[in-house]
Amino acid sequence: MIENRIYDEIEVGETAALSRTVTQQDIELFAVVSGDVNPAHMDPAYAETDMFHKIVAQGILEAGLISAVLGTKLPGPGTIYLGQDLRFLRPVSIGDRITATLRVTEKHPEKGDLVLDCRCTNQSNELVISGTAHVRAPREKVRRPRVELPGVQLSRHERLRALLARAAEYPPLATAVAYPCDANALGAAVEAAQAGLIIPILVGPKEKMIATAKAANLDISTYRLVDTPTSVTAAAAAVALTKTGEAALLMKGLLHTDELLHAVLVPDSGLHTGRRLSHVYLMDVPSYPRLLMVTDTAVNIAPDIEQKRDIVQNAIDLAHVMGIETPRVALLSAVETVDPKLRSTLDAAALCKMADRGQITGGLVDGPLAFDNAVSPAAAAEKGIVSKVAGQADILVVPDLEAGNILAKQLTFLAGADAAGVVVGARVPIILTSRADGERTRRASCALAVLIAHNSAAAVGL
């Protein structure tokens, strides 16, 4: 419960206090609310050069403890804040425990006003803030249930930011963009070019691409345009550019995925590697402690065991490009035991044995695992699962495309994940973007393809 002290109950000399340890999230949340992105509070590299040589908290953040004491303890609910003067005496850093102590120094009965001395000290009892508060105390008693604070999770997507930063270290790559004939598709190519990731070669009906650019206010005057009449011919021409080496990447525009992949899979495309093509989503989920790869979500509808072997190997090879030396691969199903009635559990058992026999290499493979057991150490422990993969998966291999598509979209739209999507298994990475993708996802997909192309031919099945 929370209960106030009315004016008549309060005596001069009465005190109340409240303590809190300052965290990085406190500083970031205050910046979100206030818009205060002073680099002294938000940028560690800058802070090292500043007068305090480290991140310091916003002064008003600690002063908020004074307001909290006034609003919850002394006088408490019903208090009207009239004025405050403060002196900030010492910096407050992450990890400092600040105690705000208020003491009533004056009472003015005509309006029920109080004057309170305010002191904020750190864990070493050093004074960091001093001042005086002027308030009007409540006249009526209030006793209410204490409101439970909402949980807060900051979504910074630092792991995808790191991906973009890594890709920016390399020169941009020529990219054949197949049929970029709407604002989203064309805009994705232009955004990636402006970010220094790709050099677009726009393949499609020339007049239509120019009209699309004009309507969307996009400048494509510096890009090469290859004139082809239809989406089918655009796909073939874009693939031909990669075959001749004029383009290092292939990017989907306003055409169906199967149209583009059909052009990739024709016998003389020059993009075959002997591997099954598969799609991988690299997902930055705020509530998960590492990048999470989900496969296959866009290419293979109901893969058989041989196709799943390639799907797993493609994802492992991509994880190596991302710097994950021994990725943990969870083969998902509805349960964590083999059940002859569930094909996904039989496939998982077979894939694990294939990994044991060296038919899948470079990662730790385990399954079947239910989703919760794959990503939650607590859930895995509760089920008594002993595994080097359970609870800490880097790669989630779904039973079929439907499950993968649903999972990836749930992570994006309900869990706030950012994603980068790419098709691997061909001689060049293939960038797939959706009309529902945001700018950051489109840019990250291009960045992922750039990293694959620059870092490892093996990662795409060569």
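Visitor: Are helix 6 and helix 15 parallel, perpendicular or oblique to each other?
Guide: This is a predicted model. Helix 6 (residues 183-194) and helix 15 (residues 439-455) pack at an angle of about 60°, with their axes 9 Å apart. Angles of 65 to 115 degrees count as roughly perpendicular, and those under 35 as roughly parallel. The two helices are therefore oblique.

Visitor: What is the hand of the crossing of helix 6 and helix 15, and which residues make the contact?
Guide: The crossing of helix 6 past helix 15 is right-handed. On the side of helix 15, the contact uses Glu439, Arg442, Arg443 and Cys446. On the side of helix 6, the residues are Asn184, Ala188, Glu191 and Ala192.

Visitor: How many charged residues does the contact of helix 6 with helix 15 have?
Guide: Three residues of this contact are nonpolar and one is polar. The charged residues number four.

Visitor: Thr441 is in helix 15. Is Thr441 buried or exposed?
Guide: Thr441 has a relative accessible area of 10%. The cut-off for buried is under 20%. So Thr441 is buried.

Visitor: Which residues does Thr441 touch, beyond four places away in sequence?
Guide: Residues up to four places away are not counted. The residues that Thr441 touches are then Asp418, Ala419 and Ala420.

Visitor: Which strands stand at the edges of the five-strand sheet?
Guide: This open sheet has the order 2-4-5-6-3, with antiparallel pairing. An edge strand has a single partner strand, so one side is left without a neighbour in the sheet. The edges are strand 2 (15-21) and strand 3 (80-88).

Visitor: How many bridges join strand 4 to strand 5, and what is the bridge partner of Arg103?
Guide: Strand 4 (residues 97-108) and strand 5 (residues 113-121) run antiparallel, joined by nine bridges. The partner of Arg103 lies in strand 5. That partner is Asp117.

Visitor: Which are the edge strands of the eleven-strand sheet?
Guide: This open sheet has mixed pairing, in the order 10-9-8-11-18-17-12-13-16-14-15. Each edge strand pairs on one side only. The edge strands are strand 10 (224-227) and strand 15 (364-369).

Visitor: In what sense do strand 8 and strand 11 pair, and what is the bridge partner of Val177?
Guide: Strand 8 (residues 173-178) pairs with strand 11 (residues 249-252) over four bridges, in the parallel sense. The partner of Val177 in strand 11 is Met251.

Visitor: Which strands does helix 7 touch?
Guide: Helix 7 (residues 206-215) packs on the sheet. Its direction makes about 135° with that of strand 10. The strands touched are strand 9 (198-204) and strand 10.

Visitor: Met354 is in helix 11. How many Å apart are Met354 and Arg309, C-alpha to C-alpha?
Guide: Met354 is buried, with a relative accessible area of 14%. Its contacts outside four places in sequence are Ile305, Arg309, Gln359 and Ile360. Met354 and Arg309 are 45 residues apart in sequence. In space, C-alpha to C-alpha, they are 8.2 Å apart.

Key: Residues numbered from 1 in each chain as written. Predicted model: local features only at pLDDT ≥ 70, side-chain atom pairs only at ≥ 80, totals over all residues. Heavy atoms only, no water. Axes fitted to C-alpha atoms, helices over the stretch in contact; angles between N-to-C directions. Parallel < 35°, antiparallel > 145°, perpendicular 65-115°, else oblique. Left-handed = near helix turned anticlockwise from the far one by under 90°. Contact = heavy atoms within 4.5 Å. Nonpolar A, V, L, I, M, F, W, Y, C, P; charged D, E, K, R; others polar. Pairing = 2+ DSSP bridges. Buried < 20%, exposed > 50% of the residue type's maximum accessible area, 1.4 Å probe, protein only.
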